[in-house]
Amino acid sequence: MSSYQEQLQTDLQRLDKMLQRVVGKQGLKISTAASKEDTTRILDLACGSCNEADTLTDFFSNLKNGSSASSEKKIELLGVDVRAREIADAKRRFKSGKIAGQNLHKDYHFLTGDASKLDGHRALDEHFDVVFMRHQNYWNGKRTWDEIFEQALSKLKNDGQLVITSYFDEEHRLALDAIQRLGGQLIDSQQNHESRELPTAGKSVDRHVAVFRRKD
Ligand SMILES: C[S@@+](CC[C@H](N)C(=O)[O-])C[C@H]1O[C@@H](n2cnc3c(N)ncnc32)[C@H](O)[C@@H]1O
């Protein structure tokens, strides 16, 4: 394994630990729509190459409660990013299929598209248990990211959870304010003290992780 891949794996293990801390204790109530009873659905917005795809599907399939030990668990992840090259990379790396030794089927779909305008995509007709945004980029375009956050909240099931991570303290603070203004209720936000520092001062990988639900 190259040192880049090792770094990536370490970052993802730390992300998993943060998810345990911030999301794990809330549990995740999975809605049981008749047609999708055993399926947990994750929407990963602005996912880039979606390095976190396996981390998320493993974490949320383990959180799922309610299905019997014998029935196969299914988890779907739909990743969306405006950059076609990153989406092509994600498609190449993450394939759907049954996971050997586990009673789990993973389904991956990746879509090149604008996350501020999700309506009209058939794959996005249904709602999601989890909407995830890793390293949201609010600082870079507040208007666009307001729209992306609005879309994210609107795609949640009633008891679904929106999870974001941020690179910078100030950008995280701005995103927390924006999401609450747009109808999100903050459940928890924590700093990742193992976060890997990046060359830009004050920037580090998954520096903060926050979870929201939709206000009633
Ligand atoms: C800071 S990067 C994070 C990428 C990835 N989630 C990660 O953690 O490596 C922000 C991402 O937002 C994407 N993005 C920006 N505006 C977007 C839009 N309107 N719709 C979809 N993706 C967008 C960019 O292409 C980029 O991949």
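**Fold, core and ligand shell of the predicted model**

N51 is partly exposed, because 18 other C-beta atoms lie within 10 Å of its own, and a residue needs 20 or more to count as buried. The structure described here is a predicted model. N51 sits in the loop between β1 and α2 (53-63). Apart from neighbours within four places in sequence, N51 is in contact with L8 and L12.

C50 lies in the loop between β1 and α2 and has a positive phi of about 60°, although C50 is not a glycine. C50 counts as buried because 24 other C-beta atoms are found within 10 Å. A46 is also placed in the loop between β1 and α2. Its phi is positive as well, at about 55°, and A46 is not a glycine either. With 23 C-beta neighbours inside 10 Å, A46 is buried.

A46 also takes part in the surroundings of the ligand. The ligand is surrounded by 15 residues, of which A46, G48, A115, R134 and H135 are the closest. Sorted by class, this shell consists of five nonpolar, five polar and five charged residues.

The overall fold contains five helices and eight strands. In sequence order these elements follow the pattern α-β-α-β-α-β-β-β-α-β-α-β-β. The C-alpha trace spans about 50 × 45 × 35 Å along its principal axes. For 216 residues, a compact globule would have a radius of gyration near 17 Å, and the value of 16 Å for the protein agrees with this. Among the 216 residues, 38% count as buried. Of the contacts with a separation of 6 or more, 76% are made by residues 24 or more positions apart.

The largest nonpolar core comprises 46 residues, and those with the most contacts inside it are I42, L45, V131, A152, L162 and V163. I42 belongs to strand β1 (residues 39-45). I42 is buried, because 22 other C-beta atoms lie within 10 Å. Beyond its neighbours within four places in sequence, I42 is in contact with L56, T57, F60, E76, L77, F128, D129, V130 and F132. The C-alpha atoms of I42 and D58, 16 residues apart along the chain, are 11 Å from each other. For L45, with neighbours within four places again left aside, the contacts are V80, A115, V131, M133, I148 and A152. A115, one of these contacts, is also among the closest residues to the ligand.

Helix α4 (residues 142-154) has 13 residues, so at 1.5 Å a residue it should span 18 Å; the end C-alpha atoms are 18 Å apart, which agrees. Its buried residues are W145, I148, F149, Q151, A152 and L153. An α-helix has 3.6 residues a turn, so residues three or four places apart point the same way. The buried residues of α4 pack against strands β1, β5 (128-133), β6 (156-166), β7 (184-191) and β8 (208-214), and against helix α5 (169-181). Two of the buried residues of α4, I148 and A152, are in contact with L45. A152 is also listed with I42 and L45 among the residues with the most contacts inside the largest nonpolar core.

How values were computed. Residues are numbered from 1 along each chain as its sequence is written. This is a predicted model: local features need pLDDT of at least 70, side-chain atom pairs count only at pLDDT 80 or more; totals for chains, interfaces and linings use all residues. A residue is near a molecule or strand if its C-beta atom, placed from the backbone, lies within 6 Å of it. Ala, Val, Leu, Ile, Met, Phe, Trp, Tyr, Cys and Pro count as nonpolar, Asp, Glu, Lys and Arg as charged, and the others, Gly among them, as polar. A nonpolar core is a set of buried Ala, Val, Leu, Ile, Met, Phe, Trp, Tyr and Cys residues joined through C-beta atoms within 7 Å. A residue is buried if 20 or more other C-beta atoms lie within 10 Å of its own, exposed if 12 or fewer, and partly exposed in between; C-beta atoms are placed from the backbone. Two residues are in contact if their C-beta atoms, placed from the backbone, lie within 7 Å. Helices (H or I, at least four residues) and strands (E, at least two) are DSSP runs, numbered from the N terminus. The radius of gyration is taken over C-alpha atoms; the globule rule is 2.2 Å times the number of residues to the power 0.38. The expected span of a helix is 1.5 Å times one less than its number of residues.
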